[in-house]
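Colleague: Could you walk me through how to read a few features of this model? I'd like the general idea each time, then the case at hand.

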Amino acid sequence: MVGLSAPAALRISPRQQDIVLSVVVPIFNEEGNIPILCERLLPVLRNLAMPFEVIAVNDGSRDQSLDELRTEADRHQELKIVNLRRNYGQTAAIMAGIDHAAGEIIVTIDADLQNDPEDIPALIDRLNDGYDVVSGWRKDRKDAAIRRNFVSSLANRLISRISGVKLNDYGCTLKAYRQDVLRGMRLYGEMHRFIPIYASWMGAKIIELPVRHYPRKIGKSKYGLDRIIKVLLDLIVVKFLDRYFIKPIYIFGTFGILSMIMSVFSFSLMIWLRVFDDVSMIQTPLPLVSAMTLLVGIMSILMGLLAEMLVRTYFESQQRAAYYVRELINFEGTR
């Protein structure tokens, strides 16, 4: 992947039909908010004086959201609709929007009117300053103090500490990206909030920008406390992919060796008790512990070897390298 310098990556093409900005809006049961969102969002984007598109992803809405989107699309040619077959979740909806985006800049924003479209120009200005990802920070968040704000604050601190990417608000959907940092990225589960982490793996420059936030007035929030468990599990996956995706034998093998060491220790203690303290082997759980830890150790190492084979199959079948190149200098075909 050949990287672009900050000014070059954001320079508007002389062909005005080329899309420079793509705004991705995941939508699930937001029929009352869609007309208002279009009324607020489109004028802001038109004032930017750059070719743009708005990609609204209908994530299997059960209300009249799709009908409202069709009505708005008839009125505004810049609005494009991706209609998913069923409800796949916010991460899948954002991924679908990114996959269909043509812009060099991609901005994601919620449809619930809690994000302010007026903040989009400021995000793009920070991209022009040389950053690859600009993440919104709902500094004055208008949500439930304990159930949403406090829990989210704890989660953000945990994610920042484990990932090493320090952000105050991972959950804010309002973010701006260079298209090249998202190229080839695949998201699953609830991992849309971890896009800055993935981008940092590719050497992206990330900055956080305070944005406005408003209380929800129409519709109901789709977020519940059950999402905390999902986020924590996804965080474990992210950490594993960060440290051990290329060499999974390191984590499986380490666990296997430690388990086998425990087996040897248990077996040795069992023999010691039998020989020196005349304690029968069947009077202690040590024989069972020795056998179980030995089997677990062997199985962990074998799983690590199997994972190594799968990783090689993954990279070689897709002709992908285990690294990313930001820029090539003085190579044929490059500048």
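**Loops, cores and cavities**

Modeller: Let's start in the loop between H2 and S2, where Ala-49 lies; helices (H or I, at least four residues) and strands (E, at least two) are DSSP runs, numbered from the N terminus. This is a predicted model, where local features need pLDDT of at least 70, side-chain atom pairs count only at pLDDT 80 or more, and totals for chains, interfaces and linings use all residues. Residues are numbered from 1 along each chain as its sequence is written, and side-chain values use heavy atoms, with hydrogens and water left out.

Colleague: What phi does Ala-49 have?

Modeller: Most residues other than glycine have a negative phi. Ala-49 isn't a glycine, yet its phi is positive, about 60°. Ala-49 is also exposed, at 62% relative accessible area (exposed is over 50%, buried under 20%, partly exposed in between; 1.4 Å probe, protein chains only). Asp-278, in the loop between helix H10 (249-276) and helix H11 (286-317), has a positive phi near 55° and is exposed with 60%.

Colleague: Which residues have the most contacts inside the largest nonpolar core?

Modeller: In soluble globular proteins, nonpolar side chains tend to be buried together. A nonpolar core here is a set of buried Ala, Val, Leu, Ile, Met, Phe, Trp, Tyr and Cys residues joined through side-chain atoms within 4.5 Å. The largest has 34 residues, and Leu-21, Val-23, Val-25 and Val-54 have the most contacts inside it. H2 contributes the largest share of this core, six residues. Apart from it there's another core of 33 residues, Val-57 and Met-95 among them.

Colleague: And how many cavities of 30 Å³ or more are there?

Modeller: A cavity is a set of points on a 1 Å grid over the protein atoms alone where a 1.4 Å probe fits but cannot get out; lining residues have an atom within 4 Å of a point. Points are joined across faces, edges and corners, and a volume is the space filled by probe spheres set on them. The count is four.

Colleague: Which helix is mostly covered?

Modeller: Helix H4 (residues 90-99), with eight of its ten residues buried. Among them are Gln-90, Ile-94 and Met-95.

Definitions and conventions
On a 1 Å grid over the protein atoms alone, a cavity is a set of points where a 1.4 Å probe fits but cannot get out, and a pocket is an open set with protein on both sides within 12 Å along at least five of seven lines; lining residues have an atom within 4 Å of a point.
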